[in-house]
Structures are given as C-alpha cells and as structure tokens.
Amino acid sequence: MTPKNPDWESFKKESFAPYIPDEVFQYRSDEIEKIIAWKKEHPLSMPMEVEIGSNYGRFLLGLARGRREMNFLGIELKAALVSRFVRRIEREGDTNCKCIHADARLAIPVLFEPNTLDAIYVLFPDPWWKKRHARRRLLDDAFFNMAHVFLKTGGMVVVKTDVRPYYETVCEALSLDKRFETIPNDDIPNADKWDLTNREQHCIENGVPYDTLAVRKV
C-alpha cells in the first residue's frame with residue numbers, strides 16, 4: 001500500500017516523532033499536518049488540562065468558568081460536535097478553553113511536550129462492544145503509556161464509564177502499573193463542583209450505575 005503522503009518521513013525529524021509509530025506517519029500524515037496547522041492558528045498556553053471526547057463541551061466549559069488560572073483543551077473526533085462546542089466557546093468568550101477536531105493519540109504528542117499536562121479526562125468513552133472492534137478502545141496500554149509521558153508528575157487521569165466490564169479491565173491493567181497510583185474518589189480535587197456531562201446526567205436521571213476511576217502519575 002502506498003503511503004498517503006510521500007513525504008511522511010519528514011515527520012520523523014520532529015520532536016513528537018518518538019511518540020508516534022512509523023505506520024501512523026505513513027498512512028495518517030494528513031491528519032498530523034492538520035493538527036500542526038491548527039496549533040499555529042490556535043497557540044496554546046500552559047498550564048493545561050485535556051478532555052478526550054469532549055462532546056458539546058458541557059463538562060470542560062464548566063471547568064473553564066471556575067478555574068481561570070488553568071487552560072483547557074477538548075479533543076473530539078466528531079466534527080459536528082466540535083462545531084457546536086466552538087460556537088459555545090465563542091458565545092461565552094472563554095479564552096481559556098479551546099477545542100480541536102482530532103484523534104487524541106495524534107493530537108497530544110503533536111500539541112504538547114512531555115511532562116506538561118496537569119490532567120486528562122476521559123468521560124464515558126465509546127466501549128466498542130463488538131469483540132472485533134475492541135482494539136479501537138481508547139483506554140489500553142498505549143493510552144496509559146502516552147498519559148505517563150505527557151502528564152506532569154502528580155498529574156491525573158480521570159475516567160468515568162457506565163460499562164462495568166470496561167471499567168474492570170482498566171482497573172485490572174492499572175493495578176499492575178506502578179507508574180500510577182489510585183486517587184480515592186473523595187480526594188479528586190474539586191470533583192464536587194464539576195458540571196455533569198450529558199451522559200452522566202442521563203445515568204443519574206435513569207438510575208444507570210457508573211464508575212469513576214482516578215489515578216495520579218507517580
């Protein structure tokens with residue numbers, strides 16, 4: 001198969017190259033170019049917290065309103081959701097919140113330097129129910145390797161899901177990973193003040209149980 005971009009090897013000279021496999025450069029370099037272009041148009045300020053799968057931005061905008069000293073970035077795969085989120089940001093004039101249409105596995109290495117993020121939120125990710133689609137799940141070993149690289153020491157990952165088997169799989173994997181330590185739910189900073197995501201609101205209204213997992217980079 002011919003690579004989409006014949007000049008893909010030029011990316012191997014960039015600072016993010018060690019964190020993205022060669023086969024991704026070969027066949028998804030067009031996506032990487034778009035992320036680079038977005039970064040030039042939307043300079044990012046630190047400190048920074050990231051939400052992966054930001055939907056309409058309800059949760060992240062709530063954080064941004066209450067913590068003006070922090071910057072926030074939503075990373076969302078669905079273009080229609082990004083458009084709605086961006087319109088909400090523009091209406092509110094929230095200069096400490098942005099959203100990008102991208103795959104987080106590419107966006108985080110391209111947009112950020114290692115050891116710089118304060119938090120990564122993954123709230124109600126797609127569980128990819130079918131066995132043949134399980135490889136598409138976000139929360140795997142590769143994700144937590146990436147999180148460990150780009151989080152500051154003490155930076156946290158917060159996961160919420162209403163799919164108990166997914167939650168149990170992640171907990172089991174992290175129990176063996178000494179690079180992270182579990183944060184009791186009652187000790188997650190300011191969690192009692194967070195705005196609910198649309199899915200969390202649905203779970204509460206319909207009595208659907210869900211789980212929260214928070215870990216800190218050691």
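The legends below describe close-up views of aromatic rings in a predicted model. Local features need pLDDT of at least 70 and side-chain atom pairs count only at pLDDT 80 or more, while totals for chains, interfaces and linings use all residues. Residues are numbered from 1 along each chain as its sequence is written, and side-chain values use heavy atoms, with hydrogens and water left out.

**View 1. Phe11 and Phe25 form a stacked aromatic pair.** Rings of Phe, Tyr and Trp (its six-membered ring) pair if their centres lie within 6.5 Å, and planes under 30 degrees apart count as stacked, over 60 as edge-to-face and the rest as tilted; by this rule the count comes to 10 aromatic pairs. One of them joins Phe11 and Phe25, at 5.9 Å centre to centre with 15° between the planes. Phe11 lies in the segment before α1 (22-41) and Phe25 in helix α1, so the pair ties together parts that are 14 residues apart in sequence. Helices (H or I, at least four residues) and strands (E, at least two) are DSSP runs, numbered from the N terminus.

**View 2. Tyr121 and Trp194 form an edge-to-face pair.** The ring centres are 5.5 Å apart and the planes stand at 90°. Tyr121 lies in strand β4 (residues 117-123) and Trp194 in the loop between β6 (180-182) and α7 (198-206), so the pair ties together parts that are 73 residues apart in sequence. Tyr121 and Trp194 are both buried.

**View 3. Phe11, Phe16 and Phe25 form one aromatic cluster.**

**View 4. The charged end of Arg84 sits over the ring of Tyr56.** The distance to the ring centre is 4.0 Å, where the criterion asks for NZ of Lys or CZ of Arg within 6 Å of the ring centre and within 35 degrees of the ring normal.

Terms used:
Buried < 20%, exposed > 50% of the residue type's maximum accessible area, 1.4 Å probe, protein only.
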